[in-house]
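Q: Could we go through this structure together, beginning with the ligand site?
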Amino acid sequence: MAENHVRTSFADSIIADNLSLVRTRISATCNRYGRDTNSVRLVAISKTKPVATVRAAFEAGQLDFGENQVQDALTKIPQFKKPELNWHFIGPLQSNKTKHLPENFDWWHTLNRIDLAQRVSSKALEINKPVNALIQVNVINDTAKSGVSGNNLSLLIEQLLENNLIGIRLRGLMTIGPYGGSETELRECFSELRRLLDTNRQQFDLAGFDQLSMGMTDDMEQAIAEGATMVRVGSAIFGSR
Ligand SMILES: *Cc1c(COP(=O)(O)O)cnc(C)c1O
């Protein structure tokens with residue numbers, strides 16, 4: 001018999017088990033902090049993993065996937081029907097890759113420059129498919145990370161609004177927590193992102209600016225405690241890279 005995608009392999013069942021463990025971590029943390037479990041979207045980070053791995057997670061009920069390289073993502077995304085899955089772009093975006101973004105991704109987590117936003121917006125307009133965008137903030141001013149500093153965030157939002165980029169829906173903020181940070185450092189970083197979301201939403205009167213993408217395998221609990229609406233989880237689902 002030909003390849004039967006209903007048959008579950010051992011590797012596929014590990015992914016299904018891992019997914020259910022991650023979902024349990026999310027719901028336990030939501031319960032602990034008095035949040036609705038449905039208020040946190042799990043984005044499975046499938047970067048570097050083959051399409052069969054994505055399919056195994058999809059068959060276990062996972063609908064949101066994140067990729068950090070356009071080229072790698074384009075080997076997987078067209079293999080799924082639209083709009084079956086939601087694809088999230090979570091990596092640094094190069095100018096020459098902006099044209100692929102609106103067609104392939106529903107969410108862009110790493111908006112950090114006005115020129116990239118202009119390019120993405122015009123492509124989105126061209127194909128009549130707006131992109132949900134999150135501004136990446138480098139909360140802890142880590143020189144190894146991209147993103148705007150908390151101080152420059154308002155300036156970037158001002159530029160985005162002045163340019164009237166209607167191909168982009170400004171939906172919120174994203175950050176990466178301090179690697180190996182203590183409980184206190186992680187909580188401080190995530191609560192600062194939340195504060196920045198609230199103050200900028202008020203300052204600019206932004207409707208729908210309500211998403212916080214923060215928390216990964218090792219710090220999703222701290223992020224959910226501070227209000228994450230999306231957690232980006234890779235290794236806890238797919239194993240180490
Ligand atoms: C790889 C990656 C993740 C997932 O990291 P894990 O520790 O494997 O959960 C989340 N966010 C970004 C931006 C990433 O590059």
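The chat below covers the ligand site and then the chain.

Q: What kind of model is this?
A: This is a predicted model, in which local features need pLDDT of at least 70, side-chain atom pairs count only at pLDDT 80 or more, and totals for chains, interfaces and linings use all residues. Residues are numbered from 1 along each chain as its sequence is written, and side-chain values use heavy atoms, with hydrogens and water left out.

Q: Which residues are around the ligand?
A: Around the ligand are Ile45, Lys47, Ile90, Met174, Ile176, Met216, Thr217, Arg232, Val233, Gly234, Ser235 and Arg241; a residue counts as near if one of its heavy atoms lies within 4 Å.

Q: How does that shell divide by class?
A: The shell has six nonpolar, three polar and three charged residues. Ala, Val, Leu, Ile, Met, Phe, Trp, Tyr, Cys and Pro count as nonpolar, Asp, Glu, Lys and Arg as charged, and the others, Gly among them, as polar.

Q: Which atom of Lys47 lies 2.7 Å from a ligand oxygen?
A: That is a polar side-chain atom of Lys47.

Q: And what of Ser235 and Arg241?
A: Ser235 places a backbone N or O atom 2.8 Å from an oxygen atom of the ligand, while Arg241 has a polar side-chain atom 2.8 Å from a ligand oxygen.

Q: Changing topic, how many helices and strands are there?
A: The chain has nine helices and eight strands, taken as DSSP runs (helices: H or I, at least four residues; strands: E, at least two).

Q: What does the C-alpha trace span?
A: Along its principal axes, the trace spans about 60 × 45 × 30 Å.

Notes: Polar contact = N/O pair within 3.5 Å; in protein donor to acceptor, adjacent residues only side chain to side chain.
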